[in-house]
Amino acid sequence: MLFNSDTFLWFLLAFALLYFVTRQNLSRRNWLILVASYYFYGCWDWRFLFLLLGSSLIDFYVGLAIRKNAEAKIQKRLVTLSLGANLGALGIFKYFDFFSESLQTILTTLGMEVSTPTLEVILPVGISFYTFQSLSYTLDIYRKKLEPTNNLTAFLAYIAFFPQLVAGPIERASNLLPQFLTTRKVTQQSMEMGIWLIIWGLFKKVVLADNFGALSDMVYEDQGAEGAIVYFGTIAFGFQIYCDFSGYSDVARGLAYMMGFNLMVNFNLPYFATSPSDFWRRWHISLSTWFRDYLYIPLGGNRGGSSAMMRNLLITMLLAGLWHGAGWNFVLWGLWHGMMLCLFPSIPLPRRMQPLLGWFLTMIIIFYGWLLFRAQSMDHIMALTTSLFTWSFPLWIGSYILNLAVFMTPLLAMQIWQHRTNTIFPMLPHNRMIKSALMAICVIMTTVFWNTKGTPFIYFQF
Amino acid sequence: MARNSHTYDFDFKWFASHLGLLLLLIAMIAGMLHMCAPFLPAPRATWDMDRTIMATKADLALKDEGADIVLIGDSSCLMNIDASQLGELTGKKVVNLGTVSFLDMKIFSEILDRYLRTQTKMPSEIVLMVHPDFLRRSSPSRSHVNWIHDYMAGKDHATNGKSWTSAEYLFGVHVIKGRLLAWLPRPLSGAFGSYFGFTSNLETYMREHQGSAVDPRSIKASDLRGSKEYRVSAANLRNAEAFTNVMPEDVQLTVALSPTPASFADADLTTKFASILQEWKTALSADDILDSLPLALEDAQFANKTHLTPEASQAYTLELSSLLKR
């Protein structure tokens, strides 16, 4: 079920009514969230509900068992079980065929005719998100940063919470789980922020991302695209993926606000970043902090000298790339970012020009990264990269630039406003009429581009 | 006692007044769109390929082209014949009013009627070319028919009709799409996007080629899909009369069938198509049939089951020209 579909609107209406009816009882409301979330996920494929449930139950009981057993050795075994179960599921469903096929390619290249097995199973939607969310729970208990809960309903609801189940933000148990266990507070401000985030998030997805997507597809679906259009196609994709993913996060956060929850900020004007490390503090924050806390720092972080730090960065970013998808282009994308995180600080930039030059160089790095991310194969990456150095224009480049400009204008206007006011909600202090007029325009424009069946979010495939 | 789920630090009156204001503003914007619509540019919501083709042909029909030969029909007529090439080969002025196969004979006759009423000089010949698949079809696509009807009448088009229960109509979305954003070229998808670019480029191409277009797709023979059943549907036989009614008396009507891929041709195809052509000719009271055009061509010459590749359409146009030179 997609946020940007008619079905979801009906689902939400029914959910809101029941949510209102159960307002006097925390336990009932958690049950309602749980059932609604499982229904939401089951609409996609009910068979994978068992995977979601299984993964959640393992982590719930592992969490309790870690608390019960004080012995470090047993605790280690238990956390290994949780890691094995979660990463095992991820490995089977997401990576098995990729590694198997890659092995076969390598062996064939070496002259060995071997047929490696493939499972050919479909990828459960959102598996990378909920397994990481679930893992953070057991890891935090193991590291004594969190107390396990005895409340199974609340825990299952925390893992399956439908606003953020399939594409994040990847919430830490320490932030979200306690919100299921205590009386939630809905304020005037949280209602306002919730409504605005839902409207703006849907606007970003339906009006902006889908139109940027049609533009980027023109370039990336055409194997013969070359020259200037590759630059513009990459810009279109960069804006598509941003509007698509941050639009989803906004709707998720908005829904949560209206339900009395507070989810973490997942995007903070990433295209205003002035260095690659700044970018990763602003882009998919819930994932980058996850990798920072559970991989980069345990690997040693920036302790142990610059070579150790570089190694840790490269390992972290390579795995972050692989997290996105089972493909060599994602591995390359991760490595590219890892390399740039290592190299960028050593680029000498004149102090006065630092912000502007830093931003410009960062954008080149980020957008070339998007080329690696969007390309369909290594050959395609080679062809697109080579074509960046040719200079030709298709006849329709004018229409292309016009479309880019039209859809970038509202986004940039809002982002500059957000940047200047240093808040995601720059309109909130303004009077009711201005706020409502802005929302009304967004609602109408979303209706203009609304597709009743919805177009899938890019990050659903991860 | 069960613990309260939430505390609400706002009153519902505040929430209702906020929501009410938002709805009021949406209603005001929608009302303004409805009221201002007559003062805005004429509706032309060419947001995709089909609508661009239909609008371009409806506009072309309003031009006093003075063509000697008028081609009309479904998308096989549009894509398989290059009207400008045909004009050069025959030494006659040719215009292609072929549209899409989602329409029916009634709409073809309305487009033709629109064209003929605009002309100061009548054509000498009208060639009706459709694919055998079109002849089998019993009903057109309602959304396409409604769209072109509204377009030709200069009316705003709302997908689900002008009903206040339709959100599109209620919010004035159709006015935004048709009048305010109509100037924005829309990207075409797939091979059409790579070849033509945007809707505006497709339109320019058709104008430069006397109404013709090409299908740039390439397809493996094994991926060709469709049926081998060929016949004239009762609906087409009925609607043929509408077409006959708009034909001027002294203009020759010639009917032809577009070719089908060889893998969709059974051994009795020639006999079958000959009888279909004859039945079709009778229904339309046509003067002539182009029965020496190829009925089936190699699969490799097709972009899909009904459209030839650009190269094959050039060869096909050449064959057609030799028949129309007479």
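Modeller: In chain A, the axes of helix 5 (residues 127-142) and helix 7 (residues 173-181) come within 10 Å and cross at roughly 95°. This is a predicted model, in which local features need pLDDT of at least 70, side-chain atom pairs count only at pLDDT 80 or more, and totals for chains, interfaces and linings use all residues. Residues are numbered from 1 along each chain as its sequence is written, chains are lettered from A in the order in which they are written, and side-chain values use heavy atoms, without hydrogens and water.

Colleague: Why is helix 5 of chain A called roughly perpendicular to helix 7 of chain A?

Modeller: Angles of 65 to 115 degrees count as roughly perpendicular. The axes, lines fitted to C-alpha atoms over the stretch in contact, with angles from 0 to 180 degrees between N-to-C directions, cross at roughly 95°, and therefore helix 5 of chain A is roughly perpendicular to helix 7 of chain A.

Colleague: What makes the contact between helix 5 and helix 7 of chain A?

Modeller: Contact means heavy atoms within 4.5 Å. Helix 5 of chain A contributes Gln133(A), Ser136(A), Tyr137(A) and Asp140(A), and helix 7 of chain A contributes Ala173(A), Ser174(A), Leu176(A) and Leu177(A).

Colleague: Which helices of chain A and chain B cross at roughly 70°?

Modeller: Helix 17 (residues 432-449) of chain A and helix 9 of chain B do, with axes that come within 9 Å. That angle makes the two helices roughly perpendicular. Among the residues in contact are Ile444(A) and Met445(A) of helix 17 of chain A and Val173(B) and Ile176(B) of helix 9 of chain B.

Colleague: How is the area buried between chain B and chain A known?

Modeller: Buried area is the accessible area (1.4 Å probe) that two parts lose on being put together, summed over both. For chain B and chain A the value is about 3800 Å², of which carbon and sulfur atoms give 69%. In contact are 39 residues of chain B and 48 residues of chain A.

Colleague: How many salt bridges cross that interface, and how many are found over all chains?

Modeller: The rule finds 0 across the interface of chain B and chain A, while 25 are found over all chains.

Colleague: What makes Arg44(B) and Glu203(B) a salt bridge?

Modeller: A salt bridge is a side-chain nitrogen of Lys or Arg within 4 Å of a carboxyl oxygen of Asp or Glu. The N to O distance for Arg44(B) and Glu203(B) is 3.1 Å, so the pair meets that definition. Arg44(B) lies in the loop between helix 1 and helix 2 (49-60) of chain B and Glu203(B) in helix 11 of chain B, so the pair ties together parts that are 159 residues apart in sequence.

Terms used: Helix = DSSP H or I, 4+ residues; strand = E, 2+ residues; numbered from the N terminus. Parallel < 35°, antiparallel > 145°, perpendicular 65-115°, else oblique.
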